[in-house]
Amino acid sequence: MGVAKKYRNWALIAVVLLLFGTAVASSQYKVPVIMTGLMEQFSMDAGSASWLMSIFTFVGIILAIPTGALAKKYGPKALLLAAGGILLAGSLVGVFAADGTMLIVSRAIEGVAFILVTICGPLAVQKYVAPDKIGSATGIWALWVCLGSVVGGIVTPTVSALFGFVGVWMVYAIFAAVFAVLVAVVVRFADGSDGPEAPQEQVAQEKASYAELLKPNTLLFFLAFLLFNLVLLAMLGFSPTWMQSQGMDASLSGFLSTLPMLLAVISSPLFGTLSDKMGRCKPLYIIGMLAMGPSAFLLLTGSGPALWVGAVIMGLLGLGVPVMALTSFGQVLGKPELMSIGMGFLMLIQSLGQFLGTFLAPIILGANLDQWMTLGIVMCVIGFAGTACVALCKFK
């Protein structure tokens, strides 16, 4: 079977994966907008309640590499379908939670589903989409977290008002289960098969080639992606505080700080399509990374129009970086048999970068949270350092 006949419609596959991913991501982001109510209902203090969100990152750090190994053994589609079942199980645990500890356990189980989707979504694109459309499909797929955060933030209050806590936990799980069925039906090759997994000799070759993941060129790639996530999370986590200190109300500061994520609806598919047309990812990756530092500086130190300029630059250019990272990783790695475990490493790097962004920013701000210019300068420098890593990295 020729290449054209082997693959089904790339856009259909990408959209189905996006719908499933968005349902899983919205389950993660259902908590922030009802956090106060959950704290009251389950008698949680601020410290324990913070685990309702941070447990996702914690689970991601622990399970990223094992998930990559499982994806290699069972295939990305099988793990995506498993994610739907795990999310449903975690939601059921949450529904019957009697205290805050059990609620956190339910979130941890949901976090397992989240990391499975994080790693296996891009792998499914790599496997089931024609090579010349991988960038375009990845551009669509990469919107899942952005859309999930928007859906979670907008829909959750309405669902909570109509159906209460139980309804919030179950609605997202049901949608994820429905879209998992779509994944089972749509995400496959043109002949209706799911395709063979790696033969045993290839697995043996992979075990002997893990050193590829520690080569200087691959480490440069990892470092660039870590620095991107560090800058992004520092901005998302602390720019609203800066804006409010300048007199902006909470609702506007919340919208402005998440505007880059909304604009990713434009930049993500655009960067993916351009990379397919150019046949290259590195120039676009450099452009996106180059925009991160200055835009973060504006969002952490600016006022008035400067804040809007920073948000637009980050959204239209900077948030093209995740698409380029996912699309070009195989070019940098150069060994298809390492993609599954390599994606696990890449998502581990993403989780570490996000953790460092939220960990380092308050340290830089100081005890009084007033060193905003210092934080802006540091994030700008880190952004430029990430750009240098991409420029020095060799893309095969």
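Reader: Let's start with a helix. Which residues of α17 are buried?

Author: First, the ground rules: this is a predicted model, where local features need pLDDT of at least 70 and side-chain atom pairs count only at pLDDT 80 or more, while totals for chains, interfaces and linings use all residues. Residues are numbered from 1 along each chain as its sequence is written, and side-chain values use heavy atoms, with hydrogens and water left out. Buried means under 20% relative accessible area, exposed over 50%, and partly exposed in between (1.4 Å probe, protein chains only). Helices are DSSP runs (H or I, at least four residues), numbered from the N terminus. On that basis the buried residues of α17 are Trp 372, Leu 375, Gly 376, Met 379, Cys 380, Ile 382, Gly 383, Gly 386, Thr 387, Cys 389 and Val 390.

Reader: Why do residues three or four places apart point the same way in a helix?

Author: Because an α-helix has 3.6 residues a turn. In this model, the buried residues of α17 pack against α11, α13 (282-301) and α16; contact here means heavy atoms within 4.5 Å.

Reader: And what span does α17 reach, first C-alpha to last?

Author: The expected span is 1.5 Å times one less than the number of residues. Helix α17 (residues 372-392) has 21 residues and reaches 30 Å, close to the 30 Å expected.

Reader: What does the chain average for pLDDT?

Author: pLDDT is the predictor's confidence in each residue, from 0 to 100. The chain averages 89, and 95% of the residues score at least 70. Watch residues 198-206, though: their pLDDT is below 50, and the stretch has nine contacts in the model beyond near neighbours in sequence. Where pLDDT is low, the predicted coordinates should not be read in detail.

Reader: On to cysteines. How many disulfides does the structure hold?

Author: A disulfide is a covalent bond between the sulfur atoms of two cysteines; the test used is a pair of cysteine sulfur atoms within 2.5 Å. The structure holds zero. For Cys 120, the nearest cysteine sulfur is that of Cys 146, 20 Å away. Cys 120 is buried, at a relative accessible area of 0%. As for Cys 146, its sulfur is 18 Å from the closest cysteine sulfur, in Cys 281, so that is too far for a bond. Cys 146 is buried too, with a relative accessible area of 9%.

Reader: How many aromatic pairs are there?

Author: Rings of Phe, Tyr and Trp (its six-membered ring) pair if their centres lie within 6.5 Å; planes under 30 degrees apart count as stacked, over 60 as edge-to-face and the rest as tilted. The structure holds 19 such pairs. Take Phe 221 and Phe 329: ring centres 5.5 Å apart and planes at 25°, so they are stacked. Phe 221 sits in helix α11 (residues 216-245) and Phe 329 in helix α15 (residues 321-333), so this pair ties together parts 108 residues apart in sequence. Both are buried. They also belong to one aromatic cluster with Phe 222, Tyr 285, Phe 345 and Phe 395.

Reader: Why is the pair of Phe 355 and Phe 359 stacked?

Author: Their ring centres are 5.6 Å apart with planes at 15°, so the pair meets the stacking rule. Both lie in helix α16 (residues 339-365), four residues apart, about one turn of the helix. Phe 355 is partly exposed at 40% relative accessible area, and Phe 359 is partly exposed at 43%.

Reader: Which residue lies over the face of Trp 169?

Author: A charge sits over a ring if NZ of Lys or CZ of Arg is within 6 Å of the ring centre and within 35 degrees of the ring normal. Here Lys 30 lies over the face of Trp 169, at 4.1 Å from the ring centre.

Reader: What about backbone angles: what is phi of Ser 43 near?

Author: Phi of Ser 43 is near 55°, a positive value in a residue other than glycine. Ser 43 is in the loop between α3 (35-41) and α4 (46-49), and is exposed at 69% relative accessible area. Leu 369 also has a positive phi, near 50°. Leu 369 is placed in the loop between α16 and α17, and is partly exposed at 41%.

Reader: Last one: what does Ala 113 touch?

Author: Leaving out residues up to four places away in sequence, Ala 113 touches Val 24, Ala 83, Ile 86 and Leu 87. Ala 113 lies in helix α7 (residues 100-128) and is buried, at 0% relative accessibility.

Terms used. Helix = DSSP H or I, 4+ residues; strand = E, 2+ residues; numbered from the N terminus.
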